[in-house]
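Have the viewer open beside you and try each task before reading its solution.

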Amino acid sequence: MTTSTTSATERRTPRADCVADAACGITFDLAGAGSPDAVLVLKRHGKDATDEVRLPLTPSGDGTSRAVLPSTVELAEGRWDVRTADGDAIEPGIRDLRALVDRAPEAGRIAVRVPYPTADGKLAVRCWVRAPHAEAGDIGLAPERGAVTVEGRLYGAELGEGAVAEARLRSGDRVHEVPVTGEGSTFAFTLPCGPMAEVSVGKEQLWELWLRPAADAAGVRISRVLDDIWDKRAIFVYPKVTTDTCHAAACYTADNDLSVRLTAAG
């Protein structure tokens with residue numbers, strides 16, 4: 001008596017090509033015609049996340065199936081895994097993200113969606129939703145002052161009287177303020193790093209950068225999200241500025257939020 005199994009012929013992992021448009025809609029093209037009721041599933045990543053979006057997969061007539069995520073469909077900020085209706089992961093194919101480069105939206109509410117390959121080679125979508133939003137631009141150094149300089153643009157707000165930038169220590173309750181210059185939607189500031197290290201730096205400190213557009217306004221996290229780079233940590237690497245007590249360098253977090261990392265001098 002002989003038996004047969006299907007393990008010898010494992011299912012091939014589906015692959016999807018993606019095209020992003022300037023309005024942050026995404027088109028997914030999968031190989032294979034698929035069944036009439038096939039869907040593509042976007043599931044928000046996280047232990048307690050239950051959000052899910054199901055997109056119909058329509059045969060394209062050339063042996064592929066297409067699903068469209070319109071910009072009008074709401075996605076909460078976070079990371080969304082792309083899967084089949086059976087829960088199978090999908091591999092990333094060609095990703096055309098040219099429309100996301102150097103975007104300058106007119107709307108005050110910023111929504112960004114970037115399809116990307118995860119660390120284990122699966123397809124996901126990184127989504128940001130910010131209102132208002134402070135987009136980081138040029139980052140520089142002022143070595144003679146031991147300072148980092150930041151320029152940027154505001155969306156959904158304008159600079160008013162008493163505008164300040166705040167460096168907030170992530171692991172504590174310390175806040176360091178500096179004045180902001182600019183007009184309307186543009187802002188700039190110089191952040192001396194020495195005063196931030198008045199208390200012993202120890203091994204490392206990470207200071208998050210925020211903008212308060214006016215004295216009575218809430219803080220807005222300074223980030224850089226209006227492009228096609230889903231994780232800037234290894235892409236945007238800035239030189240260090242040195243003070244008597246510390247080395248300081250601007251950096252981005254895994255969420256593309258701007259920060260300054262301090263390490264003890266010597």
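This is a predicted model: local features need pLDDT of at least 70, side-chain atom pairs count only at pLDDT 80 or more; totals for chains, interfaces and linings use all residues.

Residues are numbered from 1 along each chain as its sequence is written, and side-chain values use heavy atoms, with hydrogens and water left out.

**Exercise 1.** Classify the ring pairs that Tyr252 makes with Phe236 and with Tyr238.

*Solution.* 
- Step 1: recall the rule. Rings of Phe, Tyr and Trp (its six-membered ring) pair if their centres lie within 6.5 Å; planes under 30 degrees apart are stacked, over 60 edge-to-face, and the rest tilted.
- Step 2: take Phe236 and Tyr252. Their centres are 5.8 Å apart and their planes stand at 80°, so this pair is edge-to-face.
- Step 3: take Tyr238 and Tyr252. With 6.4 Å centre to centre and 50° between the planes, this pair is tilted.
- Step 4: Tyr238 sits in the loop between S17 and S18 and Tyr252 in strand S19, so parts 14 residues apart in sequence are tied together. (Strands are DSSP runs of E, at least two residues, numbered from the N terminus.)
- Step 5: Phe236, Tyr238 and Tyr252 form one aromatic cluster.

**Exercise 2.** Decide whether His176 is buried or exposed, and list its contacts.

*Solution.* 
- Step 1: recall the classes. Buried means under 20% relative accessible area, exposed over 50%, and partly exposed in between (1.4 Å probe, protein chains only).
- Step 2: apply them. His176 has 18% relative accessibility, so it counts as buried.
- Step 3: find its contacts (heavy atoms within 4.5 Å). Leaving aside neighbours within four places in sequence, His176 touches residues including Glu166, Leu191, Pro192 and Trp207.

**Exercise 3.** Describe the salt bridge between Glu77 and Arg130 and the setting of each partner.

*Solution.* 
- Step 1: check the distance. A salt bridge needs a side-chain nitrogen of Lys or Arg within 4 Å of a carboxyl oxygen of Asp or Glu; here N to O is 2.9 Å.
- Step 2: locate the partners. Glu77 is in the loop between S6 and S7 and Arg130 in strand S10 (residues 123–130), so the bridge ties together parts 53 residues apart in sequence.
- Step 3: Glu77, at 25% relative accessibility, is partly exposed, whereas Arg130, at 13%, is buried.
- Step 4: widen the view. The whole structure holds 18 salt bridges.

Terms used: Helices (H or I, at least four residues) and strands (E, at least two) are DSSP runs, numbered from the N terminus.
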